[in-house]
Amino acid sequence: MGLMEVENGASAGGDDVDADIIAKTCLLGGFSEANETRSILSSLPEVHGDQRTTEHVTQRFLVIMNGYQEQPHLLDPHLEWMMNMMLEYVRREDCPPSLLHLSFKFLYIICKVRSYKIFMQILPHEVSDVEPVLQMISRQDPKDLETWETRYMLLLWLSMTCLIPFDLSRLDGYLMSTGGKKEDLVMNRILAIAKSYLVVTDSPRDAASVLISKFMTRPDVKQKCLGEFLDWSLTMISQSRDTSVRDMVLDGALQSLAKLFKHGKRDDLLQYAPTVLQCLEQKRLSESTEAMLRKLNVKLIQRLGLTFLKPRLAAWRYQRGSRSLVANLSMSLQSSSGAAQTPQDSDEQEEDYDIPEELEAVIELLLIGLKDKETIVRWSAAKGIGRVTGRLPKELADEVVGSLLDCLSFQETDSAWHGGCLALAELGRRGLLLPSRLKDVVPLIVKSLTYDEKRGACSVGSNVRDAACYVCWSFARAYEPKELEPFVSQIASTLLITTVFDRNINCRRAASAAFQENVGRQGTFPHGIDIVTAADYFAVGNLNNCYLNISVFIAGFPEYTKCMIDHLTAMKINHWDCAIRELATKALHNLTPQAPDYMATTVLPQLLKMAGDTDLHSRHGAILACGEITHALYKVALQTNRSILNIISPECVDELKTIHFKLHERKQYRGFGGALMRPAICSLIEKLSLSKLPLKNDPVLTGWQWVIDDTLQTLHLISSGNADDIIAAVVSALSALCEGYYQDETGQVDSQMQDVLVSQYTEGLKSPQILTRCGSARALGCLPKVMIHNKLSQILEGLEQMCTITQKEGSFTEARRDAVRVIAQVCAKAGVCAHGRPDSVLCSENAAEVFGVLLSCLNDYTMSSRGDVGAWVREAAMTSLMELSILMASSAPDVLVPELVKPLMCCLAQQAAEKIDRYRAHAIKVFLRLLHSTDPAIPHIPHREELLHIFPAETVASLNWKAPSEAFKYITQLLGLPEYQYHTLLGLSVSVGGITESTVHFSSQSLFDFLKGIQGDSETLGQFGDTLLRIFRDSLHNDRVSVPLLKMLNQLLNNSCFEIFTTQENHQFCVDILDLCKEFKKSKDISKLSACVSVFCGLIQFQGKVRKRVLSQLLLLLCHPFPVIRKTTANQMYEMLLTYDDIIDAEILEDVMTCLSDTNWESDLAIVRTHRNQLCDWLEVPRPQLVAKAAIQAS
């Protein structure tokens, strides 16, 4: 159960991710890379000298080992041979330093994955290993940052050699006989090495603390060195001055002392413990700003506390007997094997002994650690409390529990609550929290399960709730069912509330696990198995699923219904997160059928009071909840054949009507709060309108309409991030209001209100504010059919005007997108009738106009800083055209004439060939939807049979149209159909000449494949060339098409796609292309000019006089005012002459190419012009003459 807070509770895709993780974890069945690992390790002597190879081998070994981070035990059978291979290298006398360090680096990688506690146990620890290890580590440089793994592993190895059962003085026999220095003794050398590495700043410091714990606990060492080492450590602690930063000397001393007091014998250390404790109290490390120092301080203090107390198991502890899940589930808990062993006469069993005075200071410091701001410190303190309490007498242990309960008061911070919960869980798990204390503990744990303290714009407490779940989990394993039976209702209901309503995914899953544990271990939780099945680990990962589905299932059990409703009302309606408030109101809507009377008589009046609250969040949530509950009660009334007024009291109805007036009177629609209040009141209007409260001709309707209209007019004053949600709420409210109150029982509309609304919203389409335009358009789209009747022409006229792009209104892209969508919505509501009136239905008179507007929107290529924003309009237009076509084909096929269908299909073909994957895929789907539609069938589709052959229904359904590799090979086949050739080639030119590599590659390849298929048919190829020229002429001044078209033309020429034309003298295709390209000579667009140069070089392959004209254009560009164009032209010409070496005489070819390559074409024009004129003479092209007026070209 994780203790760290991860705020990702709103994720909707958690299920698949977790399933993948579990699947990958379970895949490993053994160390499958053993052979590869053996080969890698055996190659170390050959690769250690080559840095590049060494890095490659090390990286591969890291990848292999890291794959076993989750299941490191799989390495256990292989650890010994891997270690022996590398130790064999390092034991060689001729082992080079690079191989030594590389071997220890590999050992460290294995040690890191398997953990040092396991790995160090297999390190050799013979007497013969002591001196070699000492010598190796003595030769290391502690300041070498590159070889710290070597020092780390040597220190671990040295700590294992300290376990030899012989007195270390025996290793000094020869030294002592020859009168060696005291410093050369093995014991002193090891101690000196340990001390020196306790003060370093890297990982060997941790290994040195392990060495101290093993070395100092030796019988021969503790007699001679223990006191001296403790004095040295306390001196280091006392002399460290600044605890605001992590002092490595202090870190090493604390770490070594903590491990020493953990592994040492109590009898040896007891005499030193008071002195160490006094030093720590004076140092006041609990006030340090460095979390690791505070953690080490707590670890050492708890070890000191254990040293003060005799190691014994408390006889008074609570011991549960059998923990068999089968026994619990079969309700055989009363069996003798499952009975708990309660302490009897524990006082007699306890040995009387005095508790040292220092223990009070130890417990006090541990309690302070429970309130620390860092989780790692609190967790260490909680474990310390559990360990120390287990050795205390019953009365003192009970005092510790009382102190822990003081941590769970609302005067304490969330850190204290978290630490207190962790400590209580430790006590419960160890049987140190007696059943007599449960009546005090359980209420506090219940509060902890829903602890949420607001801090500014967010809240804290998820770690507290997670720890409270841990407490419940530990209680399930610690106590007999009869002990927890009085508290089952509280624990079960609160755990389920956390399971389904907690914002944090970790807390929901922790609560689910705790509930499941209680169901299995206790067997007394109501409907436990059913709930565990529905609210498992994966199901609670989705927040929406928890609030809207799982909660309804659980509330179906009467034991949990009211507590869930009360929790939502008390804690989630006023939550700081807007998404939680909205989900809570929807959950209340879904839970209303479970307790309608309770909702109507208790919950709704409470919410109505909260609707006037001064707190913004409470007010917002209460208003939303009032609407949701009222609507749910209306549904209940319908099912029971009752009126809603029989369920909701008249007082509540009056309060619902006055909510708007109170908000308006207090001016709470303004400012920041207005962004929440306006959509909230709109939601209330929608729900009350759907509930059909008898409000006909009530003054509140005027107020509601004012809110809707005023919100649409003031949208520009609201943050753009919230605007879409507000517009959606306004539109929903207006639709429900019109349906509920602006028409009578017979369906007759209020004509006066109809005129006002339609005129007002059509006028809003002309607003200078884009959001008001969007809102007005969508408001027209939500009007019911009766409101549109006789007003269709007026509405369509306003929408069509808004769809028109003008220079002034080019930035209103979102408004045009919404208008396009609304046109289809309005026409769908009005219906289709071939001979109907154009002001009431879509008919023959206005269909062409509507289609024309939507087709013109397919040419919206507006660009902004956000990119191709016109694509939004094109996508909406394609969808609207599809909906209208299907509607007309099903209702009045006569209206869908060929003049409408042909341009529609052609424009869709163009969009299907363009470069943006998303919109290309959408266009193809619309195209295929119309093509394959059978009920109704779309009439008059050009080349229907050929299209069905190209796009067979059984094949295209499985294709990914967003992938260029799959889409273009089908799209290019449309080039063979005359009706579609122009538009398809127009779209393809943008894709082939684009900049996205994958799109360019697959679109051009598909185009080349098509052209190869028609190379032998000069007539078809000529038709293709004419279409290409027509697109060129039409797009001459459209840079969006002309530049990609030039790039596409260059690719076609380079791939000899027009080879059949090049054999003819002065072919017209070449002449026309040349003339069109000459139109760009005055352009200042570098990319366009560069593309022209490439096309000119491609045109050189054509025969006849046109070749001289092409050379003339290229030579003109050699003296272009832009140096980059001159250089590009020279480079392109050089490559052209290499490719087509027959276009000039061989005698001058070398001179021309030398001139092109050696001349600095970026130098001054006067110098460049001389070389250019020389080229003109060689190529027999007239020299360009300077014009009198200033021109773009310099020659």
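**Exercise 1.** Determine which residues Trp148 is in contact with, leaving aside its neighbours within four places in sequence.

*Solution.* Contact means heavy atoms within 4.5 Å. Under that criterion, the partners of Trp148 are Tyr108, Asp202, Ser203 and Pro204. The model is a predicted one, in which local features need pLDDT of at least 70, side-chain atom pairs count only at pLDDT 80 or more, and totals for chains, interfaces and linings use all residues. Residues are numbered from 1 along each chain as its sequence is written, and side-chain values use heavy atoms, with hydrogens and water left out. Next, consider the separation: Trp148 and Ser203 lie 55 residues apart in sequence and 7.3 Å apart in space, C-alpha to C-alpha.

**Exercise 2.** State whether Trp148 is buried, partly exposed or exposed.

*Solution.* Buried means under 20% relative accessible area, exposed over 50%, and partly exposed in between (1.4 Å probe, protein chains only). Trp148 has a relative accessible area of 21%, so Trp148 is partly exposed.

**Exercise 3.** Identify the residue classes that line the second largest pocket.

*Solution.* A pocket is an open set of points on a 1 Å grid over the protein atoms alone, with protein on both sides within 12 Å along at least five of seven lines; lining residues have an atom within 4 Å of a point. By class, the lining has twelve nonpolar residues (Ala, Val, Leu, Ile, Met, Phe, Trp, Tyr, Cys and Pro), seven charged (Asp, Glu, Lys and Arg) and six polar (the others, Gly among them).
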